[in-house]
Amino acid sequence: MSSSSAASQPSPIAEASPLSLCAREPHVPADRLVAEMVPPPRFDSVRFGTYIPDPNQPSQTEAVQVLESFAAGLGGAHASGGGKPRRGLLGFGRAKAPKAPAGPRGVYLDGGYGVGKTHLLASLWHATPAEPSLKAFGTFVELTNLVGALGFQQTVQTLSGHRLLCIDEFELDDPGDTVLVSTLLGKLVDAGVALAATSNTLPGKLGEGRFAAADFLREIQGLSAHFRALRIDGEDYRHRGLPQAPDPFSDEQVTRAAYATEGASLDDFPGLLEHLARVHPSRYGALTDGLKAVCLTGVQPIPDQSTALRLVVLADRLYDREVPVLASGLPFDRLFSEEMLDGGYRKKYFRAISRLTALARDARGLVAD
């Protein structure tokens, strides 16, 4: 289109059409699922040195010191000996395998919301002296999705050669998944993999206290002896209540912004929810590949719990990748019913509202004044 003909167009909407999440059906190979188990882009640059302990909370300084020492102890040979068994003198018999480092092979970061547990967990991953291919970092949901995609035995085989596995937001609200992951971790501990974890709060206990170490250690049962709990005190600022979501824009404003923003997607919210049901949650990261913004029209209440949990996973992937979300319809703090917010998965829904609200604030600059 020539500049003169472009200038004659009455609409300021750009010529290029936006992308569509509903048009994407990514097929993610198993090796990519494992390779992408690294700290999300939001935590690419965090290190122990960038964590600023509160001088009034000595447990924060202590946690950094303990984690730095733990990371240093993970250097050298794999705890299980690694590689093929070595023969002894003159090639007869077998030499003894290297001993695993003394002390617990796992750490559990125990603290309230907003004290920097994920920052410290990602810093541990960065500080561990091993190639990225020998370290894995993911949320509990991502780990269960990996098992769903690969199968249990293949997951054990794939992760057994790792030096470290970091699990953020270990879920304590689904007994089945908890048993599945605990069994997996037992296999990995036997293979010499070091573990680090944070956890959420058990249903019915949100607001009853900031610390969940007893719940975590009880739920993982036989693995508890492998973990050292590090209590991290600090201001529990997220318990002040849900953040107020910004007012939504009109359908026309969202559509115009999508056309005017390179790399933006544009989808009808109900249609997106239907599409998520057809895509395995392990592929939601790939679903967002290359997106600079997500534009949604017609946001409305989530109809059921299965749909809600899928949206939580998508919200996590968008937040990890810092993709702004521009929407029309209802504000994000009205997505979930009172029944959902009072139920066993409310911690996840609170997190999704908080993250979508932050991304909605990031997206306000996409709308022209």
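Okay, some ground rules. Residues are numbered from 1 along each chain as its sequence is written, and side-chain values use heavy atoms, with hydrogens and water left out. Because the model is predicted, local features need pLDDT of at least 70 and side-chain atom pairs count only at pLDDT 80 or more, while totals for chains, interfaces and linings use all residues.

So, the overview. The protein chain has 14 helices and eight strands; these are DSSP runs numbered from the N terminus, helices being H or I with at least four residues and strands E with at least two. Of its 369 residues, 47% count as buried, meaning under 20% relative accessible area, with exposed over 50% and partly exposed in between, using a 1.4 Å probe and protein chains only. Take the contacts between residues at least 6 apart in sequence: 84% of them join residues at least 24 apart. Contact here means heavy atoms within 4.5 Å.

Now look at the sheet. Three strands make an open sheet, ordered β6-β7-β8, with parallel pairing; two strands pair if DSSP finds at least two bridges between them. β7, residues 293-299, pairs with β8 over four bridges, and Leu 296 has Ala 327 in β8 as its bridge partner. Helix α9 (residues 251-260) lies across β6, β7 and β8, at about 160° to β7. For those angles, axes are lines fitted to C-alpha atoms, for helices over the stretch in contact, and angles run from 0 to 180 degrees between N-to-C directions.

Let's zoom in on Val 294, in strand β7. Is Val 294 buried or exposed? Buried, at 1% relative accessibility. Leaving aside neighbours within four places in sequence, its contacts include Leu 21, Ser 265, Leu 318 and Leu 326. Val 294 and Leu 326 are 32 residues apart along the chain, yet their C-alpha atoms are separated by 6.2 Å.

A cavity is a set of points, on a 1 Å grid over the protein atoms alone, where a 1.4 Å probe fits but cannot get out, and lining residues have an atom within 4 Å of a point. That second largest cavity holds about 60 Å³, and α12 gives the most to its lining, three residues. By class, the lining has ten nonpolar, no polar and no charged residues.

The largest cavity has a volume of about 90 Å³. Here β8 supplies the largest share of the lining, with three residues. This lining has ten nonpolar, no polar and two charged residues; Asp 247 and Arg 364 are among the lining residues.

Last stop, helix α4 (residues 117-127): nine of its eleven residues are buried. Lys 117, His 119 and Trp 125 are among them. The cover over those buried residues includes α3 (58-72), β1 (106-111) and β2 (135-139).

Definitions and conventions: 1 Å grid on protein atoms, 1.4 Å probe; cavity = no way out; pocket = protein on both sides within 12 Å on 5 of 7 lines; lining within 4 Å. Points joined across faces, edges and corners; volume = space filled by probe spheres on them. Nonpolar A, V, L, I, M, F, W, Y, C, P; charged D, E, K, R; others polar.
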